[in-house]
Structure formats: C-alpha cells, structure tokens
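Here is a friendly briefing to read alongside the model. Please keep the sequence and the 3D view open as you go.

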Amino acid sequence: MYERTRMTGFGDEVKRRILIGTYALSSGYYDAYYKKAQAVRKLLRDEVESSFKRYDFLVSPTAPTPAFPLGSKTDDPLSMYLTDVCTTYANLTGLPAISIPFGRSATGLPIGMQATGASFSDTLLIGLAKAIHGEEASG
Amino acid sequence: MNYEVIIGCEVHIQLSTESKAFCSCANLFGGEPNTRVCPVCTGLPGSLPVVNRALIDGAILAGLALNCTVAEVTKFDRKNYIYPDLPKGYQISQFDMPICTDGHLEVETDDGETRRIGIIRLHMEEDTGKNIHADDGRDLSFVDFNRSGTPLLEVVSAPDIRSPQEAVRYVQSIREIVRYLGISDCNMEEASLRCDANINLWVHEEGETYATPIVEVKNMNSFRSIRNALQYEVKRQLSEWKAHRRTLEAEGKSTRGYVDAKGITVLQRSKEESADYRYFPEPDLKPIAIPREYVESLRKRVGELPAEKRLRFLETYHIPERDAFQLAVSPALADYFEATVAEYANPRRAANWLLSEVLKYMNATGTTVPALRVEPDALRELLLAVDAGEVSGKTAKEVFVEMAETGERAGAIIERRGLKQISNESELEEIVKRIIAENESSADDFRAGKSRALKFLMGQVMKATRGKANPQLADRILRDHLRA
C-alpha cells in the first residue's frame, strides 16, 4: 500500500526531485554533492549579503521569459528548471524577496520585477512594492 | 581453544517529560489511539518542530550522571527511512554532534570485580508511532501516533562488556541512575527502557585470535530476555565458528531478533540489507549552544548517585549491606536516614527501624517520605526512649503509629498513656523479691531445674507491674535473686 501510494500519488517532477535529493545525500556522495553544495550556498549568501552594505535592494526580472504555453516544457525538465533561475537564489541565500507586477510584454503577457533585500528587510520590500505598484493588489 | 565474549549495548530511554520532544502534545503512556497527536508529530506538511527544553535538560543530567563530556554545541540531524510508523519519513535524531560523549559506568563482573564500561555517546531523538497488527485474521495493520514524537535518549556503550550477565547489570545500572534522577520511569514492560546489544566472540586458537561476525540482537524486552538472548548467541556463534570459521572481516554485521517463546534468535537483516540513512543536519532546528554555567547548574541536581551513596553508607555507618542498598534507592529515604543519625549513635537501629516499621507504615497508608508526620528528630526521640529502656520495642511500634497519625511527640504519648516501662533496678528488685517470697514453691521448682517455673514467675512480675516491667531487666533480676 505504501509503495502504491507513493507511485501514483507523486507526479514525475516530485519523484525526480526526491531521487535527486536521495542521491545527493547517499552514502559515498554526501561529501561530493551535499556538503559541497552547502559550502557553495554559504559563499553565495556571503557575497549577496555583502552587496547590501552598498545597496538597499537587488532588482531583476522574476522570470527570464514571459509565461510560456502549458505543456511546452514538460518533456524537458532542465529547461523547466531554468525558468526558476531568477528566484532560486532567494531560497539558497535565505534572504527575503518579493515579486512586483511591472507592465506587460509585447504580446500582452504580464512581467514581474523581483526585489531582494537584506535579512529581515521584509517590511522594506513591502514598502517598495507599494511605492511602485500602488496600495491595491493588481487584478 | 578459548574465547572472550565482546558485548556493546544500545539503550533507549523514554523521558517522562510533560510534553513530547518537538511539540506540545502530552507525553503519556497508552490511551485511545491517535488522541494525543498534532500536525507536528504526525508529520503533516508545513508543520515545524520546536525543541522541548526538558529533553535537553534530561540529556545533560543523564550525561553528567554517566560521567560524560557535555558538548558546547550540539545539533539535530534527520535520519531518513520509510516506515509506516515514521510519519515524516525521517526521524529527528543526532548524528555527528551528539549532546554527550566519552562517559563511563562501573559495573560488577561475574567474578565480583568492577569493570569500567565506556560510554561512547548519549544523544537525543524522537520515538516513532506504534504499528498494531489486526489480530482477527484480517491482513490489516494500524498505526497509533500517540507515541510518535516522544523524547528519547540513546546511550551507546563501548564493546567493553564481557558476559551476558554483565550486560544485564549494565542495563540495570543505567536504569537505576536514570530513575534516581527522576527523568524516566525506565520500565521495560512499558517500553520506556529498551535495549539492543551488539555481540561477537574473540576466539583464541594456537596463538591466533579470530573475531566472529558481529550480531546486533533486538527485541529483548526484559532483563531475563537480555540474558537468555545473549547466552544463546554465545552458543550459536561458537558452533557457527567451529562449523564454518567465518570471521568479522569477511562477513560484517547482521541483525537478529530474539524470540522469547523459543529462546532463540532469528536472522532479520544481513549486511547487504543494512540501510543508508542519509543523515543531514535538521534544517528546521538551529544548533544549540550549551553554556558551561548551565551545565554546572544542572550538575547540582545530579547529586550523589545510588552507587556512591551505598558505599558511603556502608563505610560511614557500618549498617548491613542490604540495608544500605534499600536506603540508597530513594533519595528522600536516604536523606531522612542521614538526618536521623546525624545526632544518634546507633545507625544500625535507625536503619532497621526505617526499613521495617516506618516503611511498613508508609506502604500501608500510602504516605510518602515528605508527607510523613514524624520528623527525623522525632524518630530519634523515640529510638532514644527505646535505648534507655523507657519503652519496650513492641510498645515503641505502637507509639510510632500514633506519632504518625497525630504528629504528637514520643515523650508526650508515653507520658499521657502511662506507657513508661519500669526500668528502675531498685524498684524492680523490690517487686521481684516480693514475688519470690509469695511463690516459694515455684522458686524451688526453678532451682530444681524446672525452667518453666521462671516463666510463671515472670508472668507474676508482669501482672504486678501491669506489664510495665522492662522484660530484660526483670529477667536478669529474677535470675539473680533465684540463684541466691
């Protein structure tokens, strides 16, 4: 029952990520993958955090492209992962970030602006969002 | 050919904290299934653990009592495996930075010597839920999560234990210490004390030494089981060795479960099937820094442990070993004893009284030492009265009960009820002389060799004094005067 639940209950992407995580932690690979990844993460965090000595926010698009049609990347997990490339570093560094609606593309699809701030600057980020976007949430 | 038995023990202790290790569910035994659960201990998505400080305190206390070094920084790790009673798919445990390390415990060997058993580590973790298999023939199992998240301490010994009986004594010592600290009930029946053992043999043959494969023995649920399971393993490994000569190097470690009904162990897991737990630091719990002042403040709570106290009682008060054992078991009783004998020259009598009359009263009425209405100095007063011959031992027992019921002092009760024995020699002499004079025939009978006559005469003395004559004194005076 346990196996069947996990086999049908988890989608392909979830299974993929579970397997990747298990592999990275498994005996013999922990140092090469997990430990090294944590070290890289610390470097990344230190570097990004140091930029907040000079700047209040770091700004970038929320996604590298406007929204793509449903199903157009499902068969290509890697290109799917790359759509997260602007936002994953908030998870990696643990720093607060916010996505603010910021106009439309040539074909009318919405575009987002991401702002990242120093640790615990959440209130500042919300203030920035209000200043750029106005008080009301967009429809 | 001869051999040595090499044993290491892993003991799991369920702490009797108010709430579970990482959530505020009540930490109690039994109850309707799945009534003491919450999103945290059932591993629901989005739930987050919070450390229960009592778990940390319990670990430090136990570690100090076992002579361990308490870490300056400790952290939790995830131990990953899939099993129905493990709701998160991992157990929050400790891997490479356990809270306590490098301890030891002295245990009696089979020859009556003392052996120091090393304690490699003591760490904190949470318990799993409980699988319950349908007992009505249906192929169904149920999971009760009441136990999930209960705080556990795991104590891992070095492979210093040298016999099954010694292993039992080791576990018993741990149990005594943990119960003394008041942090666990340590009951094998309720599974608040669990034990697995790793055992193999070192076989010495013609100048060479060979190690047999290590076996982890599980499912030993009583002290008797521990002894039987390990004794069986020694025999089994010995005959295995004689038949196949497989060594530890070649074969590694396997897991066997003890089957109490048959007195044997059966293979559960071989080396190839051992799990990869993929330990990594628990990201939801920050590492914990333990200041030295905090450790010292807890060290005061450890106090003197039972083994030390027993030794001190034997050496200082010269009471019988059995009494020392019994007194040292309960901190409250031990303290009461010491307060009584602080200004009393007969510790043996005090110990005897505490362990017979006082304990009898407490058990009969369900009174605890703190609730006892007889203070140590009041007991001392009573004992001194007995020593001085003011009351007989028998009367004193009644007086004690009255003291316990009313809180009245011994002197007052003796006075009020006129219980004072006649221990005045000249007073008794007068009475004895008179009795002898009034019963010349009996006196002659005694002088002629009829010892029963003495009893009659003593009875007369007692009658004349309304039972108050000090029996020993009266006896001596009677005999003296009959001889004359």
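Is B:Ala54 buried, partly exposed or exposed? B:Ala54 counts as partly exposed, because its relative accessibility is 31% (buried means under 20% relative accessible area, exposed over 50%, and partly exposed in between, with a 1.4 Å probe and protein chains only).

This is a predicted model, in which local features need pLDDT of at least 70 and side-chain atom pairs count only at pLDDT 80 or more, while totals for chains, interfaces and linings use all residues. Residues are numbered from 1 along each chain as its sequence is written, chains are lettered from A and ligands numbered from 1 in the order in which they are written, and side-chain values use heavy atoms, with hydrogens and water left out.

**Two residues and their surroundings**

- B:Ala54 sits in helix H1 of chain B, which covers residues 53-65 (helices, H or I of at least four residues, and strands, E of at least two, are DSSP runs numbered from the N terminus).
- Leaving aside residues up to four places away in sequence, B:Ala54 touches B:Leu15 and B:Thr17 (contact means heavy atoms within 4.5 Å).
- From B:Ala54 to B:Ser16 the C-alpha to C-alpha distance is 9.2 Å, although 38 residues separate the two in sequence.
- Over in chain A, A:Thr93 belongs to helix H5 (residues 88-93).
- A:Thr93 is buried, as its relative accessible area is 1%.
- The contacts of A:Thr93, not counting residues up to four places away in sequence, are A:Leu44, A:Arg45 and A:Val48.

**Domains of chain B**

- Chain B splits into domain 1 (2-289), domain 2 (304-416) and domain 3 (425-483) (the bounds come from an automatic or database domain assignment).
- Taken over C-alpha atoms, the centres of domain 1 and domain 3 of chain B are 70 Å apart.

**Strands and sheets in chain B**

- Strand S14 (residues 253-259) and strand S15 (residues 264-269) of chain B pair in the antiparallel sense over five bridges (two strands pair if DSSP finds at least two bridges between them).
- Within this pairing, B:Gly257 has B:Val266 in S15(B) as its bridge partner.
- Four residues lie between S14(B) and S15(B) in their hairpin, and B:Gly263 in the turn has a positive phi of about 70 degrees.
- Elsewhere in chain B, three strands in the order S5-S4-S16 make an open sheet with antiparallel pairing.
- Strand S5 (90-93) and strand S16 (280-281) of chain B are at the edges with a single partner strand each, so one side of each has no neighbour in the sheet.
- Strand S4 (residues 77-80) of chain B pairs with S16(B) in the antiparallel sense over two bridges, and B:Arg78 stands opposite B:Phe280 in S16(B).

**Helix H14 of chain B**

- In helix H14 (residues 440-447) of chain B, the residues B:Ser442, B:Ala443 and B:Phe446 are buried.
- Looking down the axis of H14(B), the buried residues fall within an arc of 100 degrees, so they line one face of the helix (the arc is that of the directions from the helix axis to the C-beta atoms).
- An α-helix has 3.6 residues a turn, so residues three or four places apart point the same way.
- The cover over the buried residues of H14(B) includes helix H13 (425-438), helix H15 (452-464) and helix H16 (471-483) of chain B.
- After H14(B) comes B:Gly449, with a positive phi near 115 degrees.

**Salt bridges**

- Over all chains, a search of the whole structure finds 44 salt bridges (a salt bridge is a side-chain nitrogen of Lys or Arg within 4 Å of a carboxyl oxygen of Asp or Glu).
- B:Lys218 forms a salt bridge with B:Glu216, their closest N and O atoms being 3.5 Å apart.
- B:Lys218 is partly exposed at 26% relative accessible area, whereas B:Glu216 counts as buried at 10%.
- B:Arg417 and B:Glu398 form a salt bridge, with 3.7 Å between the closest N and O atoms.
- B:Arg417 lies in the loop between helix H12 (410-416) and H13 of chain B and B:Glu398 in helix H11 (residues 393-406), so the pair ties together parts 19 residues apart in sequence.
- Both count as partly exposed, B:Arg417 at 35% and B:Glu398 at 45%.
- B:Lys450 and B:Asp445 meet through their side chains in a salt bridge (4.0 Å, N to O).
- B:Lys450 counts as exposed at 53% relative accessibility, while B:Asp445 counts as partly exposed at 32%.
- Salt bridges with shared partners join B:Glu398, B:Glu402, B:Glu408, B:Arg416 and B:Arg417 into one network.
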